[in-house]
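I opened a new notebook page for this one. The sequence and the model come first, then my entries.

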Amino acid sequence: MLNPIQVLCSDITSLSLEPEPFASYTEADIISTVEFNHTGELLATGDKGGRVVIFQSEPESHEPEFDYLKSLEIEEKINKIRWLPQQNASHFLLSTNDKTVKLWKVSERDKRPEGYNLKDEEGRMKNLSTVTSLQVPVLKPMDLMVEVSPRRVFANAHTYHVNSISVNSDHETYMSADDLRINLWHLGITNRSFNIVDIKPVNMEDLTEVITAAEFHPHHCNLLVYSSSKGTLRLCDMREAALCDKHSKLFEEPEDPSNRSFFSEIISSVSDVKFSHSGRYLLTRDYLTAKVWDLNMENKPLEIYQVHDYLRSKLCSLYENDCIFDKFECAWNGSDSVIMTGAYNNFFRMFDRNTNRDVTLEASRESSKPRAVLKPRRVCQGGKQRKDDISVDSLDFTKKILHTAWHPTENIIAIAATNNLYIFQDKLNQEMHG
């Protein structure tokens, strides 16, 4: 179980949520998804053991403190968590494992009613013959209690493993995507969904690609995008047809024949796709690169960022140890000016789109010590090595940053490193621009 431990610092790292030093962990403890809510006040993590842990920020603090709020058991690995926009005092979130999506309500209570007319102090019904007068019940203060309850279960709609869920901007519907199909749900209806994308061939032997990720446009409820294992992106408009098998736009980069190799198709598979907050751009991640696409330009990406190009010569060994199939996620900052994605050795990368500067940082126990400042790291491919450089042959491929999240309005990021959750803040811009 994730055991939150606060480590308050004044510089780039403010909080580390991790087990006791050197504590062993199981496969079930590995964090599989991280997600801020729309205000950034709440942060949820899901793990392979089927647990969702929710942390809440402390608004009084000048540092971004996130206190353990609540955990809930769901069963099976949590593939994705998505928060619904808050519309009342309660919070709602969707979680999905391989087959089933669930809607959860998270609410707080710090008052309790007292002075019922028909119930006693224990909540039992009174004998009505003993009620001789009426009183107005009152609310009395109590210790804050957080309640989490499952509100709806959306099941039996997916034959294959669910890889994505996305809440629509209409706040009434959401979609769930598996390897071959995308379904549209109404948040109030659990027993019926509409299939809006189906790429399953009549004969499964003809299957050439699978759906890897899907997301709704942040502002236009009729638009969605999904990525494929062939490295393509398809923008679909639900106004054009009920079944979006025919895309509105196809984003694809022409392959350079001189770079063709046995691994080309594997490393071109898109592992994540995210609309920018503005809705104008798409951010994608494949094995070696992160790419920014303009919705108005389909024939090539607007920007290409090399995440760890030094691994290109190591693809054979990465194929043998299955690392080449790792699925890295990517994230935008609140202003869409910086992108972030993970790498190996607990490294994560940031790219400033305005200055073309980039930085490699490391999530580690050392970086989570009080008053620790993250230092840029550099991977050396041979030749002269600086003091703090790390050789590409020394990288630990069992330590990988697959899941990251960026606070919607502030310079606060959440990094999942195996069973540890790190939260870093501030001075990122100084690292990028300094």
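My entries below go through sheets, hairpins, one aspartate, cores and aromatic rings.

**Ground rules**

I am working from a predicted model, where local features need pLDDT of at least 70, side-chain atom pairs count only at pLDDT 80 or more, and totals for chains, interfaces and linings use all residues. Residues are numbered from 1 along each chain as its sequence is written, and side-chain values use heavy atoms, with hydrogens and water left out.

**Entry 1**

I noted how elements are named: helices (H or I, at least four residues) and strands (E, at least two) are DSSP runs, numbered from the N terminus. Two strands pair if DSSP finds at least two bridges between them.

I found an open sheet of four strands in the order 6-7-8-9, with antiparallel pairing. Strand 6 (80–83) and strand 9 (138–154) stand at its edges. Each has a single partner strand, so one side of each is left without a neighbour in the sheet. The twist averages 25 degrees from one strand to the next. Angles here run from 0 to 180 degrees between N-to-C directions, and axes are lines fitted to C-alpha atoms.

I then looked inside the sheet. Strand 7 (residues 91–96) and strand 8 (residues 101–114) pair over six bridges. Leu94 has Leu103 in strand 8 as its bridge partner.

Is strand 10 (residues 162–167) enclosed or open? Six of its six residues are buried, so strand 10 is largely enclosed by the rest of the structure. Buried means under 20% relative accessible area, exposed over 50%, and partly exposed in between (1.4 Å probe, protein chains only).

Strand 10 runs antiparallel to strand 11 (residues 173–178), and five bridges join them. Ile165 is bridged to Ser176 in strand 11. The two strands form a hairpin with five residues between them. In the turn, His171 has a positive phi of about 65 degrees.

I looked up another open sheet of four strands, in the order 14-15-16-17 and with antiparallel pairing. Its edge strands are strand 14 (211–216) and strand 17 (249–251), and each pairs on one side only. The twist averages 20 degrees from one strand to the next.

Strand 15 (residues 223–228) and strand 16 (residues 233–237) share five bridges. Leu224 has Cys236 in strand 16 as its bridge partner.

**Entry 1: Asp237**

I followed strand 16 to Asp237. Asp237 is buried, at a relative accessible area of 10%. What does Asp237 touch, not counting residues up to four places away in sequence? I found Asn222, Leu223, Cys244 and Ser248. Contact means heavy atoms within 4.5 Å.

A polar atom of the Asp237 side chain lies 2.9 Å from the backbone nitrogen of Arg239. The C-alpha atoms of Asp237 and Lys249 are 9.2 Å apart, and the two residues are twelve apart along the chain.

**Entry 2: the cores**

A nonpolar core is a set of buried Ala, Val, Leu, Ile, Met, Phe, Trp, Tyr and Cys residues joined through side-chain atoms within 4.5 Å. The largest has 30 residues, and Tyr287, Leu311, Leu318 and Leu395 have the most contacts inside it. Among the elements that each supply at least two residues of this core are helix 2 (315–320) and strand 24 (347–352). Beyond its neighbours within four places in sequence, Leu318 is in contact with Tyr287, Leu311, Cys323, Ile324 and Phe397. Another core, of 16 residues, lies apart and includes Val359 and Ile413.

**Entry 3: aromatic rings**

My search of the whole structure gave 15 aromatic pairs. Rings of Phe, Tyr and Trp (its six-membered ring) pair if their centres lie within 6.5 Å; planes under 30 degrees apart count as stacked, over 60 as edge-to-face and the rest as tilted.

The ring centres of Tyr344 and Phe397 are 5.0 Å apart with planes at 70 degrees, so this pair is edge-to-face. Tyr344 is buried, at 2% relative accessibility. The rings of Phe348 and Phe424 have centres 5.7 Å apart and planes at 15 degrees, so that pair is stacked. Phe348 is in strand 24 and Phe424 in strand 30 (residues 420–425), 76 residues apart. Both Phe348 and Phe424 are buried.

**Entry 4: strands 24 and 25**

I ended on strand 25 (residues 358–362), where four of the five residues are buried. Strand 24 and strand 25 pair in the antiparallel sense over five bridges. Arg349 stands opposite Thr360 in strand 25. Their hairpin has five residues between the strands, and Asn356 takes a positive phi near 65 degrees.

Definitions and conventions:
Polar contact = N/O pair within 3.5 Å; in protein donor to acceptor, adjacent residues only side chain to side chain.
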